[in-house]
Structures are given as structure tokens and as C-alpha cells.
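Here are a few friendly notes to read beside the model.

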Amino acid sequence: MKVAVWHNNRDIRLEEVPRPKPGPKEMLIKVVSCGICGSDIVEWYRLPRAPLVQGHEIGAEVVEVGESVTSYEPGDRVFVAPKVPCLDCHYCREGHYPVCPNVKVRLPGGFAEFILVPEVLVDKGTYRLPEALSYDQGTFIEPLACVVRAQSLAGIKKGQTLLIMGCGMSGLLHVKLAKSKGCRVFATDLNQARLDLAKKNGADWILDASGEVSERLMTENGRKADVIILCTSALSAVAQAWKCIDKGGAIVFFAVPGPEKPVTVPLNDLWMQEIRILTSYYCGPPDIVEAMALLKTGTIEVEDMITHRLPLRDIARGFQLAIDGRESIKVIIKPSEG
Ligand SMILES: [Zn+2]
Ligand SMILES: [Zn+2]
């Protein structure tokens with residue numbers, strides 16, 4: 001079978017490897033769709049594990065199950081989480097699933113024709129795709145689950161004013177989810193095409209990030225934002241966030257600038273205003289369940305975000321499209337189509 005081995009963003013090699021045979025408690029799935037995630041192209045984050053087969057936003061079909069697997073059978077349409085928390089440790093019991101220290105097994109990457117699903121992920125990480133969801137739509141389960149988690153950590157409520165900074169894939173999902181909750185949504189980006197998309201996807205106001213965002217916010221909203229979600233690694237956005245947050249508000253780092261770009265927090269200015277600074281990374285099982293429900297019911301529609309579908313042999317181009325970001329929102333790789 002073919003796999004795409006990622007060495008860095010400019011060096012992704014298609015390789016032929018033996019198709020794995022599932023053990024008694026494992027199963028083999030055929031990858032029908034696998035999304036390129038914004039985090040797949042972040043080299044400082046991915047390089048420590050390179051070379052590796054990336055891809056964790058999967059829509060797949062079960063093709064072979066081990067003799068002891070009774071929950072799934074060939075033909076089942078599934079999403080498999082890239083890893084699962086133990087649900088039993090201190091952190092899991094506190095709901096901090098993404099930091100569970102007992103995660104030992106990861107799903108092999110989805111930029112491959114087939115994936116061998118390890119036992120723990122057959123048991124706890126596999127979800128049947130609802131009838132209403134296509135394989136392509138299934139690739140949004142994981143990214144939407146991360147968005148669900150960030151908004152629930154921030155305690156987002158109806159009527160609040162949200163400022164979403166960065167209108168790539170995750171920024172747009174944040175816009176859609178916040179609108180479904182009845183929030184007033186401002187969105188910023190430097191790219192006009194992305195701003196137009198944010199508007200189309202429900203943002204009430206779109207603001208050019210190179211302008212005076214805090215002034216525009218005051219003019220249109222009468223006060224600053226209750227919650228700011230950073231979906232860009234731009235330091236300029238972080239600097240704007242400190243100026244745009246209202247008293248009692250929360251700033252959520254959904255994306256971070258990266259290790260070479262230290263951030264100075266104006267703590268003295270924030271101190272008397274009860275402003276929270278949060279981070280949100282990955283998702284947990286309850287977020288996955290909620291994301292699936294949002295997609296299944298059509299509360300969050302994702303079809304219009306898919307801009308490219310490419311066979312595995314074009315994965316290098318897919319990465320370039322995702323990195324460039326001017327004409328792509330969601331790039332989906334279709335490994336079973338060659
Ligand atoms: Zn992702
Ligand atoms: Zn745990």
C-alpha cells in the first residue's frame with residue numbers, strides 16, 4: 001500500500017509499504033478521506049516526530065477485522081480518533097483529557113491507503129459515521145471537536161460578543177459554532193477572501209486585521225469583546241487581543257505564535273479587569289460526541305469549506321495549498337483514489 005512520509009513541508013515522499021494484517025483485536029480500515037489540518041503544516045510542532053505519516057482527520061471504511069473484534073465489521077463507515085485518554089487518571093477525571101499522561105498508542109497517519117487500528121482505539125477511539133455524514137464531512141469531526149472544546153473552556157454563552165482572529169479553517173468553524181450559540185461575532189484576517197468567507201459563514205462584522213480593530217469593535221459593538229479566540233500564529237494578532245478584550249473577558253489561545261516568538265503579557269493592565277488567558281489544545285471524547293451531533297444535525301455545515309480534493313499522489317501540492325492559504329480552506333486527501 002502507499003503511504004506519504006512527511007519529512008518537512010517541502011519533502012513528502014510517497015512510499016510503498018506492506019499492507020498490515022490485523023491481529024485478533026485490531027482492524028484494518030481503508031482511508032477514504034483525510035483532511036490536511038492547520039497543525040500538520042506547523043513544522044516546529046511536527047518535526048520532532050519526523051519522518052512520519054501525518055493525517056488525523058479521517059473518514060474510513062472498515063475492510064478487515066481481527067477474530068476477537070465484535071463491534072465492527074467490514075463495510076462499516078468510521079471515524080477513528082488519533083489517540084484516546086485513559087479516562088481514569090487525575091487529569092481525565094478533571095476533564096483535562098488532552099493532557100492524559102497514559103496515552104501510549106497513536107493511530108498511524110491517515111495519509112495512507114490503509115490504517116491498522118490498534119486495540120485500544122478499536123475499543124475506545126472508533127466512532128461510526130452517522131448515515132447523514134459523508135466521509136469528507138467526517139474529516140471535520142476532529143477539528144470541530146477541538147473548536148467545541150475551546151468554546152466550552154471559555155464558557156461561551158448566548159448574547160456574548162466574540163472576536164475570532166484568523167479566518168482559516170478553524171477560525172471559520174469558530175464563527176459557525178459561535179453563531180449557532182447566538183453570539184455576536186466579529187472576525188479579523190488580513191486576507192479579504194477569507195474575510196468574505198467569514199461573512200458568508202455568519203460573522204456579523206468582518207474587520208481587516210491591519211486596521212484599528214479595537215476602535216472598530218468599540219464603534220460597532222459599544223464595548224470590547226467578551227471572548228477572543230486566536231486562530232492565527234501572527235504576533236500582531238496577539239498584540240491586538242490585549243487591546244480588544246473587555247473586562248471579565250477571556251482570551252483563548254487556540255493557536256500560538258511558536259517557540260521562536262515569545263509573547264509579552266501586559267499583566268498589569270489586565271490585573272484589575274478579571275481577564276482570563278486560556279489555552280486550548282486538542283479535544284476529548286465528549287467534544288467528539290458533541291461535534292458529531294453538530295455535524296449530523298446540520299447545525300454546523302461544512303461542505304462549503306471543502307475547496308480541494310486530491311489523490312494521495314498530489315499530497316505535496318495539497319500541503320502547498322494549505323500553507324499558501326490564499327485559495328484553499330479545507331484540503332482533503334483521497335488515498336483510495338490513487
Ligand atoms: Zn487537526
Ligand atoms: Zn487519563
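**Notes on the aromatic pairs**

1. Tyr 281 is partly exposed, because its relative accessibility is 43%; buried means under 20% relative accessible area, exposed over 50%, and partly exposed in between (1.4 Å probe, protein chains only). Tyr 45 is also partly exposed, at 31%.

2. Please keep in mind that this is a predicted model, where local features need pLDDT of at least 70, side-chain atom pairs count only at pLDDT 80 or more, and totals for chains, interfaces and linings use all residues. Residues are numbered from 1 along each chain as its sequence is written, chains are lettered from A and ligands numbered from 1 in the order written, and side-chain values use heavy atoms, leaving out hydrogens and water.

3. How many aromatic pairs does a search of the whole structure find? There are seven, where rings of Phe, Tyr and Trp (its six-membered ring) pair if their centres lie within 6.5 Å, with planes under 30 degrees apart stacked, over 60 edge-to-face and the rest tilted. Tyr 45 and Tyr 281 are edge-to-face, because their planes stand at 85°, with the centres 6.3 Å apart.

4. Phe 111 and Phe 319 make another edge-to-face pair, at 6.1 Å centre to centre and 75° between the planes. Phe 111 is buried at 1% relative accessibility, and Phe 319 is buried with a relative accessible area of 1%.

5. Ring pairs join Trp 44, Tyr 45, Tyr 281 and Tyr 282 into a cluster. The charged end of Lys 83 sits over the ring of Tyr 282, 4.9 Å from its centre (NZ of Lys or CZ of Arg within 6 Å of the ring centre and within 35 degrees of the ring normal).
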